[in-house]
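Please keep the sequence and the coordinates at hand while reading.

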Amino acid sequence: MIALIRHMVEQESPSFDKPAVDRMGRWLADELRRMGAEVQVHRAEKFGDHLQADFAIGSGKPILLLGHFDTVWNLGTLKTMPWREDKGRLWGPGVLDM
């Protein structure tokens with residue numbers, strides 16, 4: 001999990017940079033597929049495309065998890081706020097809310 005979070009942080013995907021968010025989305029879609037999800041990409045014109053990942057895990061009630069995968073901060077933020085792991089905590093742009 002930590003390696004995945006680090007990779008996402010170090011990709012830098014500011015909210016208003018559609019190409020950067022879409023690049024993150026393509027990588028995340030591949031990761032979700034590798035985990036067994038059926039992934040649909042819902043194209044967006046202005047902001048990053050949206051992902052829908054469906055997992056076939058049984059016959060119980062479905063669960064919806066909704067979130068965002070952009071790291072929010074501007075490109076270049078890693079220069080002043082780099083990824084780090086210290087005393088069991090993770091630091092870097094987007095770590096807290098991803």
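At a relative accessibility of 65%, Gly58 counts as exposed; buried means under 20% relative accessible area, exposed over 50%, and partly exposed in between, with a 1.4 Å probe and protein chains only. Gly58 lies in the loop between β2 and β3. Its C-alpha is 34 Å from that of Ser13, and the two residues are 45 apart in sequence.

The model is a predicted one, in which local features need pLDDT of at least 70 and side-chain atom pairs count only at pLDDT 80 or more, while totals for chains, interfaces and linings use all residues. Residues are numbered from 1 along each chain as its sequence is written, and side-chain values use heavy atoms, with hydrogens and water left out.

The protein contains 2 helices and 4 strands; helices (H or I, at least four residues) and strands (E, at least two) are DSSP runs, numbered from the N terminus. Along the sequence, these elements follow the pattern α-α-β-β-β-β. The C-alpha trace spans about 45 × 35 × 20 Å along its principal axes. Of the 98 residues, 33% count as buried. Among contacts (heavy atoms within 4.5 Å) between residues at least 6 apart in sequence, 49% join residues at least 24 apart.

The helix pair comes next. Two packed helices are described by the angle between their axes and the distance between the axes. Here, the axes of helix α1 (residues 2–11) and helix α2 (residues 18–34) come within 10 Å and cross at roughly 160°. That crossing makes α1 roughly antiparallel to α2. Axes are lines fitted to C-alpha atoms, for helices over the stretch in contact, and angles run from 0 to 180 degrees between N-to-C directions; angles under 35 degrees count as roughly parallel, over 145 as roughly antiparallel, 65 to 115 as roughly perpendicular and the rest as oblique. The contact is made by Leu4, His7, Met8 and Gln11 of α1 together with Arg23, Met24, Trp27 and Glu31 of α2. By residue class, the contact of α1 with α2 divides into 4 nonpolar, 2 polar and 2 charged residues; Ala, Val, Leu, Ile, Met, Phe, Trp, Tyr, Cys and Pro count as nonpolar, Asp, Glu, Lys and Arg as charged, and the others, Gly among them, as polar.

In soluble globular proteins, nonpolar side chains tend to be buried together. The largest nonpolar core in this model has 10 residues: Met8, Val21, Met24, Trp27, Leu28, Ala29, Leu32, Ala37, Val39 and Phe69. Such a core is a set of buried Ala, Val, Leu, Ile, Met, Phe, Trp, Tyr and Cys residues joined through side-chain atoms within 4.5 Å. Helix α2 gives the most to this core, with 6 residues. Apart from neighbours within four places in sequence, Met24 is in contact with Met8, Gln11, Ser13, Phe69 and Thr71.

Which residues does Ile2 contact, leaving aside its neighbours within four places in sequence? They are Trp83, Glu85 and Leu90. Ile2 is in helix α1 and is partly exposed, with a relative accessible area of 40%. Between Ile2 and Asp54, the C-alpha to C-alpha distance is 23 Å, with 52 residues separating the two in sequence.

His50 is found in strand β2 and is partly exposed, its relative accessible area being 49%. Not counting residues up to four places away in sequence, His50 touches Gln40, Val41, His42 and Ala44. His50 and Asp22 are 28 residues apart in sequence, and their C-alpha atoms are 8.6 Å apart in space.

Val72, in the loop between β2 (50–54) and β3 (84–86), has a phi near 75°, a positive value in a residue other than glycine. Val72 counts as partly exposed, at 38% relative accessibility. Lys87, in the loop between β3 and β4 (89–91), has a positive phi of about 50° although it is not a glycine. Lys87 is exposed, with a relative accessible area of 80%.
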